[in-house]
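Subject: Structure handover and notes

Hi,

Here is the structure I promised to pass on. My notes on it follow below, with the cut-offs given wherever a term first comes up.

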Amino acid sequence: MSVRVGVITFPGTLDDVDAARAARYAEAEAVPLWHGDPDLKGVDAVIVPGGFSYGDYLRCGAIARFAPVMDSVIEAAGKGMPVLGICNGFQILCEAGLLPGALIRNSGLHFVCKDQWLKVENNTTAWSSRYELGAEILVPLKSGEGGYQATQSTVDELEGEGRVVFRYVGDNPNGSRDGIAGVTSANGRVVGLMPHPEHAIDALTGPTDDGLGMFLSLMDEVVNA
Amino acid sequence: MPKPEILDPQGQAVANALPRLGFEGITSVRQGKHFELEVDDSVDDATLEKIAETFLANPVIEDWVVRRVEA
């Protein structure tokens, strides 16, 4: 069977092309989804890619979450559809209430653009099952508002339930609470992270191919469902 | 405004800049947002609160207050 992965484009999205390419590398069919169209076109999963949707006006992701396509994504996620938010996509999923917490300005105030080591802390989600627990992966991080923040009780809940999927290795690049780089929903189907696995799927164009595991994980999840 | 327990790196940067500019005695700065909405009489306070809570502010990290001012 062909696995269909939707990739949303908002005004200001940048990384939809690479996200679609990553899906194709994992031998999925990448299906373009448009912010103004609520039709999810029968996809098996959705990627909300990075960029600067709506120019980051108001707050990063705050306007994108009200796009017609997001109503459909929120509804589908509620029924268990796997959803991956990368960078601005992570910010959008937090604003939409699909993931807890929020992303704020980096603690150093500067935009950070570098290859970043991450530790895999949960390999049971729909998007991380291909990794070994505790594995360290190298993927690009490029964001100005990547500081993960949540109330202490929310952080305690995430840590207690093992819902931190990725954590920064070494110096905390952006002031995220507990060095959190990515989190998952209670059911492990929705994952968001600030770094960019879709830019690290081929050693020709990225620092590694470590990011491909996320898209291969999804293939396992959908095919075995 | 960012909640008290939420890190405010922009406010901290402003606070750190003030002594360099010769302004002493400022112990803390928090940076927030201010919106001015012009509304007609049909918009009640409950609607304004809903706009603030669901759109203008992110209640996960921000506190907000609505103040109605007569023109």
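Predicted model: local features only at pLDDT ≥ 70, side-chain atom pairs only at ≥ 80, totals over all residues.

Between chain B and chain A there is 1 salt bridge, a term that stands for a side-chain nitrogen of Lys or Arg within 4 Å of a carboxyl oxygen of Asp or Glu. The partners are E62(B) and R59(A), whose side chains come to 3.9 Å, N to O.

Residues are numbered from 1 along each chain as its sequence is written, chains are lettered from A and ligands numbered from 1 in the order in which they are written, and side-chain values use heavy atoms, with hydrogens and water left out.

Back to the interface. In all, 16 residues of chain B are in contact with 18 residues of chain A, where contact means heavy atoms within 4.5 Å. The two chains bury about 1400 Å² between them, 67% of it on carbon and sulfur atoms; buried area is the accessible area (1.4 Å probe) that two parts lose on being put together, summed over both. In chain B, the residues that lose the most area to chain A are L7(B), P9(B) and F55(B), together 34% of what that side buries. There are also 5 residue pairs in polar contact across the interface, both residues at pLDDT 80 or more. A polar contact is a pair of N or O atoms within 3.5 Å; within protein, one must be able to donate a hydrogen and the other to accept it, and residues adjacent in sequence count only if both atoms are side-chain atoms.

Over all chains, the structure holds 14 salt bridges. What does the one between E121(A) and R167(A) tie together? E121(A) lies in the loop between β6 and β7 (136-143) of chain A and R167(A) in strand β9 (residues 164-168), so the pair joins parts that are 46 residues apart in sequence. Their side chains meet at 2.8 Å, N to O. R167(A) is buried at 17% relative accessible area, because buried means under 20%, exposed over 50% and partly exposed in between (1.4 Å probe, protein chains only). E121(A), at 28%, is partly exposed. R167(A) also forms a salt bridge with E159(A) at 2.9 Å, N to O, and E159(A) is partly exposed at 29%. Another pair in chain A is R163(A) with E157(A), the closest N and O atoms being 3.7 Å apart; R163(A) is buried at 10%, whereas E157(A) is partly exposed at 41%.

Two further spots in chain A may interest you. H35(A) sits in the loop between β2 (29-34) and β3 (45-48) and is buried, with a relative accessible area of 15%. The side chain of H35(A) makes a polar contact with that of Y54(A) at 3.4 Å. Leaving aside neighbours within four places in sequence, the residues in contact with H35(A) include F10(A), P11(A) and V69(A). G61(A), in the loop between β3 and α2 (68-78), is buried at 1%. Beyond four places in sequence, G61(A) is in contact with S53(A), N88(A), I92(A) and E95(A).

L14(A), F52(A) and F111(A) form a nonpolar surface patch with about 310 Å² of accessible area together. Patches are made of residues with over 30% relative accessible area and no salt bridge, with like charges joined within 9 Å and nonpolar side chains (Val, Leu, Ile, Met, Phe, Trp, Tyr) within 5 Å; the areas come from the Shrake-Rupley method with a 1.4 Å probe, and for residues only the protein chains shown count as cover. F111(A) is in the loop between β5 (102-104) and β6 (112-120) and is partly exposed at 47%. In chain B, R20(B) belongs to helix α1 and is exposed at 66%. A polar atom of the R20(B) side chain lies 3.3 Å from the backbone oxygen of N16(B).

Best wishes

Key
Helix = DSSP H or I, 4+ residues; strand = E, 2+ residues; numbered from the N terminus.
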